[in-house]
Amino acid sequence: MRLLKVFTFCIFLCPSFVVLAHPEDELVILDIEQGEINIQDQQMRAEYEAALKRLRMRLLAAMPWQEKFLLFIRAGIEHIVPKGLDHILFVLGLFFSSLILGSLLWQVTAFTFAHTITLAIAALGIAKVPGAIVEPLIALSIVWIAVENCVFKQTNKWRPFIVFGFGLLHGLGFAAVLTEYGLPKGNLVPSLLAFNIGVELGQLMVLLTAALLVWLIRNKSWYRQRVQIPASLMIALVGLFWFFERVL
Amino acid sequence: MKILLLIVVIMLFSACQTSTDQTSGNPFDQEWDTPFGVPPFNEIKDEHYMPAFKKGMEENLVEIDAIVNNPEAPTFANTLEELERAGKLLTKVQLVFYNLASSNTNPKLQELQRELSPMVSAHNDKISLNEGLFNRVETIWQARENLDLSNEQRKLLEDTRKFFVRSGALLNKEQKAQITEINSKISGLTTEFGQNLLAETNGFELILDEDDLDGLSEGIIAAAAETAAQKMENAETDEEKAKYKDKYVFTPHRTSMYPFLTQSNRRDLREQLYKSYVQRGDNDNETDNKEIAAKIAKLRAERAQLMGYETHAHFMLEERMLKTPAEVYDLLNQLWKPALERAKVEVADMQAVVDKEGHDFKIAAWDWWQYSEKVRKAKYDLDEAALKPYLSLDNVLNGVFETTTKLWGLSFTELFDINVYHPDARVWEVKDKDGSHLGIFIGDYFTRSNKRGGAWMSSFKGQSNLDGRERPVVVNVCNFPAPVGDAPSLLSFENVITLFHEFGHAMHGILTDVTYPSMAGTSGPRDFTEFPAQILEHWASEPEILKSFATHYQTGEVIPDELINKLLKASKFNQGFANTEYLAASLLDMDWHTIKAEEGVKDTDAFEEASLAKIGLINEIAPRYRSTYFAHIFAGGYAAGYYSYIYSAVLDSDGFEAFKEAGDVFDSELAAKLRTHVYEKGSTEEAMELYKNFRGRQPKIEALLKVRGLDGSTD
C-alpha cells in the first residue's frame, strides 16, 4: 500500500515551545489562523542571494587550497569579464590612449600596482570606504581617461600618476565585489592573491582582444580620427551616464 | 567605429555566458541517474508537476486493475507485493511536490496545491473503495493461517486488510452509502469549524491609546502600532480608518496576546483580551462553533457505530499504541493529579508575589502570564543572550552527529556536488559503522519567507528491500534565524531541542531497514512515532554532551557549568500550568469522542463544564483549547489523539531512563537494542512490542514526572 500511506502524507513536525514538545499543535493552529504564506518577491530574492553566498562560503571552507586558488583566479577573471563592465571600459580607455607599447605598459603597470594595494587594504578590512563614494568616482575616472585621449594626441608624462590614482579607486571597487562574493576565513591571503591574479588576467584578455581587433588598422592615417577619438568619446559618454546614475 | 567597440563588448559577454536552456522531457518520467537517487531538483520545473500527477494516477489505476484482474488466484506475492510496487511515479512526484510546497513554495505551487487536493482524494477513494481489490486481500487474509508468511508479511497483510475495512469494505451497500453521506457531512462541518475560528480570531481587537501601554516593551508597542497601521490601510471607509489612527491594536492571535498578557500592567485590559481569546466560537453569533462541534462528535459516533465500534475513540485507538479509551483515561488520570498539585503550588507562588506587591486581588487566569514571568525571573533566571554564543548551528550539528556516532557508529560526510532545491539546504551522506551507505540527510535550517513556519521531517525517497536495497533520502526543515553579518547562526536552547527532535525523526527515516516500503521509517502509529524523535532530545541536555559541542564561537571556551545548571533548572519552570492545561484539553477530547451516537451532546458549554468539573480543574487555568476552538480535534486529525503528545513523552522519558539506570548515556547494549527494535523496524511489528523489546517491560510514567518536575521535588 505504498500509495495509501503516502496520501496521508505525514510530515513530522516539531515543538515551538519547550514545555510540551507540541509540533503539529502549533502548525494546525498556524495554518488556520494565518492561512497560506504570502510571498514577497523582493524579500525572497534577497534571501536567496544571501543563501547563495553562504553556500559559496561552505564550499570554500571544504576545498583544498589549490582548488580554492584556482577558484579565486576564475572569480577574479569573471569580475572583469563579463561582470566588470566599468573596469573593462577603463582598461579600454587606457588602450585607446596610445599605441606605443611602452606608454601603455607604464599605464597598465601603474593601474595594476595601485588597485592591488587598495584591494588588499579593503579586503583585509584595514580600511573601508563606502560604495556610495567609490562607485561614482570610478565612473568619473573613466570619463577623465577617455576625455584625455581625445584632448592629447600622445599621453603626457603625468598620465601614469593619474592612472595610479584611479587604480587606487578601482581597487576599492574590486574589494567591494570580492567581499560581496565572500572571502574564506582560512587561506585569506592566498585567495586574495589569486583573485588579484584573476583580475590581471581579465585585464590582459581585454587588452589583447582590443589589440587583435585594431592590429591591421593601427597604422592607418585615419586611426586617430575614426577609431581612437570616437571610441574614447563613447567611453566617456558611458562613464558620464554611470556617474549620474550612481549619484542620483 | 563604434561598431568595433560594440563587437568587442558583445564578444566578451557571449564568451562567458554558458547556455543553460535545455528543453527536455518531464524529469518525473525518467529514471533518475542522480547520486543516491536524490531528485534532480535543477531539472524539475513547476509545469512538470501536474502532468506527472495525472500520469502517475493513470499508471497507478492501470496497475491496480492489473492486480484485480489477474486470472491467477490471489496470493501474497501477486496481490500485496504488487500493491507495494504500485504507484511509483505518483509517489515520486508527490514526495517532491508536497515537500517543496511546504519548504520552498511559490504562487504557482500554492495554486497547484489547491487544484490537486480534490484530485488526489478522488484518486485515493478509487483505490480504497475498490471491491475487487479488497476481495483479493480478504481471500488471502482468510487463508492466513495456512500461508507460510514471515512476521513482516503477516503484519503487512493485517495492516492492508484493516485499511480497507476501516474504509468500509465489510459494509453492505446501504451502509456504505450512509458512511459516504456522513463523511461528506463531517468534511463540510470541519471546514466550517475552521473558517468560523479564523473569523472569530480576527473578529476581536483591543484598540489602545498611548496611555494604555503601561508595562509594554518597545518591540511589542511597535508591533501593535504596525498592526494598527495595517488595519488602517485595509479599512475601506474613512470612518473606519479614523478608528485606527495613531492607535495600538492587540488581537486574540497568540503571537499578539501572549506578550500583552505577560507585560501589560493593566489588569482590566489583560482580562478583556484573555476573555476574547477563550470565548472564540462561543459568542452566540453566526460564527458560533458550539453546535458544529456537537454535530461533528455525533456524526463521528454514528459512523463508528456503523463500522461496529462502540465509540469514535474506540475506532481511532484501534490503530494506536494505546488500544482502548480505558487505557488512555488511565494514563491521563495518573498524570492529572501530580500536574494539578504542581499548578496549585504555582498559583500560591504567584499569589505571594501579588500580595508582596501590595495588590488586593486573587490570581485569575488572565494574570498567569504576567506573574509566572515574575516568578521565573526571581527563581529561574536564565539569560538566553548569554547562552546563544555557545550554540552556533555548526556546533550543534556536530553535537547531534557525534551523539549518533557514539550511539551507533554512524558517520556523516557533507556532499557539495549534489544539487538541491535551495542553496541553504545542505546534504550529508550517512554511513554505517562498517562504512556502508545508509541514506542521504538534507538539512534545511534557516527561516525564509517562502517556507511555512515550524519544524518538520519528511523524505524525498523511501526505503525498501523489496526489489533490491533502496536507501532513503530524508530531510529536516526548521526555521532558525539566518546568520547576520559575519557571525554564524546562533540558536536558542529551544532551537537546539528542536534540532535534536527533528534529527531523531530523521534517524527513524534513515536507519529503517524493512522489506516493504509502506512499513518503513516513521509509518507507525501517531502515539509512537514521536518517541524516536523525542528520546533524542534527552541527549541534547546531558551536561556531558552539551560540553562536548557547546563552545563559544569567538573564544572557543566550553559552556560553563553554572549556565548548564540554570538551563536545566529552567526546564522545570511553569510545568504545572503547561501540563494541567494540556491534560484538561486531552481529557476533554476523550470525553467528546466517547459519547454514544444515540445520546449526542445537547449543550456544548454544559458538556464542557461537566467534563472539567469532573476532574476538578481550577479556575485559574483553562484547558489549552476549549471545545469551540479546539481545531486539532474538530478541524484537524487529532480526534481522540490529543493525548498522544504526552504519551510519547512518557515513552521517551522512560526510555532514556534506561540509559540513566545503566549509568552510561551511550551504553552500547542499550543503544543497539534501541536501534534494532525501534529505529530499524518501522511499523513491521506492533508498537508496544517494539517498545517492550527495547525496554524489557511496559512503559511507566515516573520518569516523565521527574523530568517535568511534577514529582514533588521542585521547589
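Helices (H or I, at least four residues) and strands (E, at least two) are DSSP runs, numbered from the N terminus. The model is predicted.

**Chain A**

- Chain A has 10 helices and one strand.
- Read from the N terminus, its elements run α-β-α-α-α-α-α-α-α-α-α.
- Chain A holds 248 residues, and 40% of them are buried.
- Take the contacts in chain A with a separation of 6 or more: 85% of them join residues 24 or more positions apart.
- The peptide bond from Val81(A) to Pro82(A) is cis. Its omega is near 10 degrees.

**Domains of chain B**

- The domain assignment of chain B gives domain 1 (27-170) and domain 2 (204-278). It also gives domain 3 (290-381 + 573-707) and domain 4 (387-570).
- The centres of domain 1 of chain B and domain 4 of chain B, taken over C-alpha atoms, are 29 Å apart.
- Where these two domains touch, 21 residues of domain 1 of chain B are in contact with 24 residues of domain 4 of chain B.
- On the side of domain 1 of chain B that touches domain 4 of chain B, the elements giving two or more residues are α3 (76-85), α4 (88-103) and α7 (151-166) of chain B.
- α4(B) gives the most to that side of domain 1 of chain B, with six residues.
- The residues on that side of domain 1 of chain B divide into nine nonpolar, eight polar and four charged.

**Helix pairs in chain B**

Two packed helices are described by the angle between their axes and the distance between the axes.

- Start with α3(B) and α7(B). They pack at an angle of about 70 degrees, and their axes are 11 Å apart.
- Angles of 65 to 115 degrees count as roughly perpendicular, so α3(B) and α7(B) are roughly perpendicular to each other.
- From α3(B), the contact is made by Phe76(B), Leu80(B) and Leu83(B). From α7(B), it is made by Gln153(B), Leu156(B), Leu157(B) and Thr160(B).
- The residues of the contact of α3(B) with α7(B) divide into five nonpolar, two polar and no charged.
- Now take helix α15 (residues 325-356) of chain B and helix α16 (residues 368-380) of chain B. Their axes come within 9 Å and cross at roughly 90 degrees.
- The residues of the contact of α15(B) with α16(B) divide into five nonpolar, one polar and three charged.

**Helix α2 of chain B**

- Helix α2 (residues 46-68) of chain B has 23 residues. At 1.5 Å a residue, α2(B) should span 33 Å. The end C-alpha atoms of α2(B) are 34 Å apart, which agrees.
- The buried residues of α2(B) are Tyr49(B), Ala52(B), Phe53(B), Gly56(B), Met57(B), Asn60(B), Ile64(B) and Ile67(B).

A residue is buried if 20 or more other C-beta atoms lie within 10 Å of its own, and exposed if 12 or fewer do.

- Phe503(B) lies in helix α19 (residues 493-511) of chain B. Phe503(B) counts as buried because it has 28 C-beta neighbours inside 10 Å.
- Leaving aside neighbours within four places in sequence, Phe503(B) is in contact with Val400(B), Asn476(B) and Leu536(B).
- Phe503(B) and Asn476(B) are 27 residues apart in sequence. In space they are 7.0 Å apart, C-alpha to C-alpha.
- Asp246(B) lies in the loop between α10 (238-244) and β2 (248-250) of chain B. Its phi is near 55 degrees, a positive value in a residue other than glycine.
- Asp246(B) has 11 C-beta neighbours inside 10 Å, so Asp246(B) counts as exposed.
- Asn574(B) sits in the loop between α23 (561-570) and α24 (575-593) of chain B. Phi of Asn574(B) is near 60 degrees, a positive value in a residue other than glycine.
- Asn574(B) has 20 C-beta neighbours inside 10 Å, so Asn574(B) counts as buried.

Methods
Residues are numbered from 1 along each chain as its sequence is written. Chains are lettered from A and ligands numbered from 1 in the order in which they are written. This is a predicted model: local features need pLDDT of at least 70, side-chain atom pairs count only at pLDDT 80 or more; totals for chains, interfaces and linings use all residues. Domain bounds come from an automatic or database domain assignment. Two residues are in contact if their C-beta atoms, placed from the backbone, lie within 7 Å. Ala, Val, Leu, Ile, Met, Phe, Trp, Tyr, Cys and Pro count as nonpolar, Asp, Glu, Lys and Arg as charged, and the others, Gly among them, as polar. Axes are lines fitted to C-alpha atoms, for helices over the stretch in contact, and angles run from 0 to 180 degrees between N-to-C directions. Angles under 35 degrees count as roughly parallel, over 145 as roughly antiparallel, 65 to 115 as roughly perpendicular and the rest as oblique. The expected span of a helix is 1.5 Å times one less than its number of residues.
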